Amino acid sequence: MRSALLIAFSFVLTAVVVGNAYYQKEQFYPSVVYLTKSNPSMAILYLQAFVFVILMGKLMRKIFFGQLRAAEMEHLIERSWYAVTETCLAFTVFRDDFSPKFVALFTLLLFLKCFHWLAEDRVDYMERSPVISLLFHVRVLSLIGVLGFLDLYYVNHAYYSTLLKGASVQLVFGFEYAILLTAVMMVFVKYVLHSVDLQSDNPWENKAVYLLYTELILGFFKVVLYVTFMVIMIKVHTFPLFAIRPMYLSMRSFKKALHDVIMSRRAIRNMNTLYPDATPEELQAGDNVCIICREEMVSQCKKLLCNHIFHTSCLRSWFQRQQTCPTCRMDVLRMPRPQTTQQTPAPPPQQNQQPAQPQMPNMFPGMYGMPMWAPPPPLPPRGEVPPREPPTPPQSPPSTTPPAQGQAAGAPGASAPPPPPGVGSPPLSASMAAGASAAYANPYSSMFSYMTPFAGFPQPPQNMQGLSEEELATMEGRERQNVEARIQWLRDIQALLDGAMVLINQYNTVAAQTSIPGIAVAQTTQSNYSPSSASNTTQPTNSNADKTSSQYKEKPISKEETKSNTLSSEQTNSSVDEGLSELDGAVGYTPPKEEFIPEWDDPRNEEHQDELHKIRHRRLQRFSEDNNSIKKEEDDLEMD
Amino acid sequence: MSVSVNYTQSPEGIIAGPVNEENFFEWEALIMGPEGTCFEGGVFPARLTFPTDYPLGPPKMKFTCEIFHPNIYPDGRVCISILHAPGDDPMGYETSAERWSPVQSVEKILLSVVSMLAEPNDESAANVDAAKTWRDDRKKFEDIAERTVKKSLGL
């Protein structure tokens with residue numbers, strides 16, 4: 001009522017102003033000039049124009065929407081406030097271009113925006129409205145057509161005007177209309193999906209999926225548009241403050257859509273692959289009403305790990321929103337993986353191997369749950385890394401190793417292919433070989449004896465053939481966490497190995513200076529450690545302690561190679577060797593780089609030689625004792 | 001999609017059902033003020049609006065009468081955690097465990113509202129004035145509640 005009064009008042013005012021002008025000038029052109037020169041009359045005319053716009057809007061609304069619903073009105077007013085504020089902000093950026101035409105263009109933009117929002121709301125309402133009349137379809141389709149055409153026209157217009165006249169306020173309009181165009185597309189896709197859904201009596205399960213993907217794709221376009229707009233605006237004009245809010249919102253919704261798609265895909269994949277179908281007995285046992293749709297469950301049901309049963313299709317649509325069990329809210333993505341033994345019987349030790357948690361509190365206790373140490377029996381050949389599984393004769397190391405070592409002496413690790421990880425770090429060993437005196441001997445034996453006391457590694461499952469592909473995949477783990485943990489372990493191992501090398505070197509230096517046969521201790525540990533063929537190769541090397549350093553570079557490698565060969569062929573659980581021989585096969589393994597190797601001080605410059613010497617001595621003694629016990633265990637194993 | 005219409009089994013003090021036979025997504029509910037509270041004797045009409053994806057999304061509930069309560073917005077919207085979808089957290093305190101899940105039925109929602117009427121939660125106030133009055137001036141709160149009760153009965 002009040003608005004009608006205001007409109008009437010505005011018409012009367014305009015009539016008075018125009019009448020007055022005509023009365024004074026009595027001719028058309030002079031009166032027009034008079035009107036445009038007089039500010040009060042122009043103000044009244046602008047007001048009249050505004051009233052016309054509103055009337056036009058009402059007319060369009062009548063044509064395309066009929067009566068607006070309360071929720072639609074609410075949305076419209078809420079969004080209009082933001083849009084008006086942003087338009088005012090835009091005015092500040094383009095204050096130089098400020099003119100009635102400019103204002104008119106912005107009003108038109110706002111006007112069209114309002115209809116885009118209304119169209120969106122109307123199409124959303126389609127889903128829940130009980131009856132969709134033919135009129136509704138005609139209205140929505142014609143509205144979408146008109147809006148899409150207008151958007152396209154203005155984008156086109158803005159594009160050519162920018163090309164011809166250079167960057168101006170048309171840039172803003174171009175982008176605004178382009179974004180509105182994406183909105184129209186979204187509305188259209190929704191309309192089509194809802195229409196298809198309405199055609200059939202049963203709800204269409206895949207609709208939500210399509211909606212999700214449409215949202216994702218159009219959200220991506222929107223983000224790209226906004227970012228481009230932002231960049232161009234900053235280059236051409238200034239920072240477009242008015243675009244911040246919609247840009248943020250579109251980015252957030254895009255992120256959410258992306259997150260939703262990823263999480264729901266993961267949950268649905270889990271559901272399809274991991275969770276068992278509910279058996280008829282299970283359905284009979286309890287209340288067989290699906291809590292989601294409240295209908296009886298007869299077939300096509302899935303049982304989650306928390307033993308709650310739902311329709312597969314209901315679960316799918318729920319997982320698109322949230323990845324928890326609807327009943328107990330257990331996180332389906334965090335659920336422990338189902339015991340694969342349910343399907344395929346596995347040997348009992350396998351159950352202990354199931355990693356409870358991939359997070360490792362620290363390095364060594366963590367290795368108990370570490371699946372990567374279980375080697376698959378046939379190691380597939382791995383590219384350039386020398387395969388180690390065929391038992392090579394002890395005296396002939398794999399072909400690629402000597403060149404790598406030779407080059408390492410000159411330019412450590414520069415042009416050499418990635419060294420076989422089992423060898424440790426060639427650059428370090430090379431530098432040590434150059435730095436150490438003649439007493440440098442047999443570093444690997446003492447190194448391994450140094451390592452073994454820590455080796456609380458789990459026993460790999462004995463019969464790998466009994467494991468299914470799935471179980472192996474579970475043990476291996478594919479998640480980022482697992483891979484990261486693995487890399488961390490490998491780095492830890494490398495650090496330990498490097499540390500051991502430094503200690504050995506120090507010891508040997510000290511031994512050379514004090515003329516204690518440094519090899520002796522190492523030799524015992526070595527012979528204790530691997531009594532078979534490895535010790536055969538150790539003996540000659542150790543006895544030839546005074547050979548030149550170039551020979552030493554080669555010898556330790558060959559020993560190490562043979563030793564690991566013998567050990568792995570014996571299938572012992574000597575973990576370091578296991579680990580080293582498995583490194584090249586491990587997923588996520590990166591060949592050791594130089595930056596990981598800690599710098600070491602030349603032990604000859606070390607001041608506390610005596611102290612170190614004592615500590616080292618004690619340690620070696622303890623290790624040889626430990627090795628004795630290990631040797632006993634090995635013997636026992638062999639007896640078995 | 002299927003909203004179970006359960007006139008008979010609704011708990012005591014609650015009547016609820018669709019507004020009309022054409023649109024099952026709009027329900028009307030009458031809630032009696034729980035006994036032994038300051039809302040005792042009142043009959044409060046409310047409207048439940050179900051989303052299209054119900055029961056995957058929560059319905060909205062809005063009292064269509066005047067009611068002064070810490071957990072009811074001045075415009076009548078009900079603010080309880082089980083009516084919030086896990087994504088949005090208007091009050092910023094709820095864990096996802098107390099949010100909407102398809103397990104919740106209309107009955108449970110209405111029961112929660114009744115218990116909310118009986119025991120307002122002034123920790124997360126939708127109506128700050130009401131929460132403050134409830135906390136600081138219980139006498140005044142009860143007076144206002146009595147007035148709304150009388151109003152709801154048309155007295």
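**Helix packing and burial**

Modeller: This is a predicted model. In chain A, the axes of helix H2 (residues 28-37) and helix H3 (residues 39-64) come within 5 Å and cross at roughly 90°.

Colleague: Which residues of H2(A) and H3(A) meet?

Modeller: Leu35(A), Thr36(A) and Lys37(A) on the H2(A) side meet Asn39(A), Ser41(A), Met42(A) and Leu45(A) of H3(A). By type, this contact has three nonpolar residues, three polar ones and one charged.

Colleague: Stepping back, how many helices and strands does chain A have?

Modeller: Chain A has 23 helices and two strands. Of its 640 residues, 44% are buried.

Colleague: Now H7(A). What span should its 30 residues have?

Modeller: H7(A), residues 170-199, should span 44 Å at 1.5 Å a residue, and its end C-alpha atoms are 43 Å apart, so the two agree. H7(A) is also mostly covered, with 23 of its 30 residues buried.

Colleague: And where is Tyr507(A)?

Modeller: Tyr507(A) is in helix H18 of chain A, which runs over residues 480-514.

Colleague: Why does Tyr507(A) count as buried?

Modeller: Because its relative accessibility is 5%, and the cut-off for buried is under 20%.

Colleague: How far is Tyr507(A) from Arg616(A)?

Modeller: Their C-alpha atoms are separated by 6.9 Å, though Tyr507(A) and Arg616(A) are 109 residues apart along the chain.

Conventions. Residues numbered from 1 in each chain as written. Chains lettered and ligands numbered in written order. Predicted model: local features only at pLDDT ≥ 70, side-chain atom pairs only at ≥ 80, totals over all residues. Heavy atoms only, no water. Helix = DSSP H or I, 4+ residues; strand = E, 2+ residues; numbered from the N terminus. Buried < 20%, exposed > 50% of the residue type's maximum accessible area, 1.4 Å probe, protein only. Expected span 1.5 Å × (residues − 1). Axes fitted to C-alpha atoms, helices over the stretch in contact; angles between N-to-C directions. Contact = heavy atoms within 4.5 Å. Nonpolar A, V, L, I, M, F, W, Y, C, P; charged D, E, K, R; others polar.
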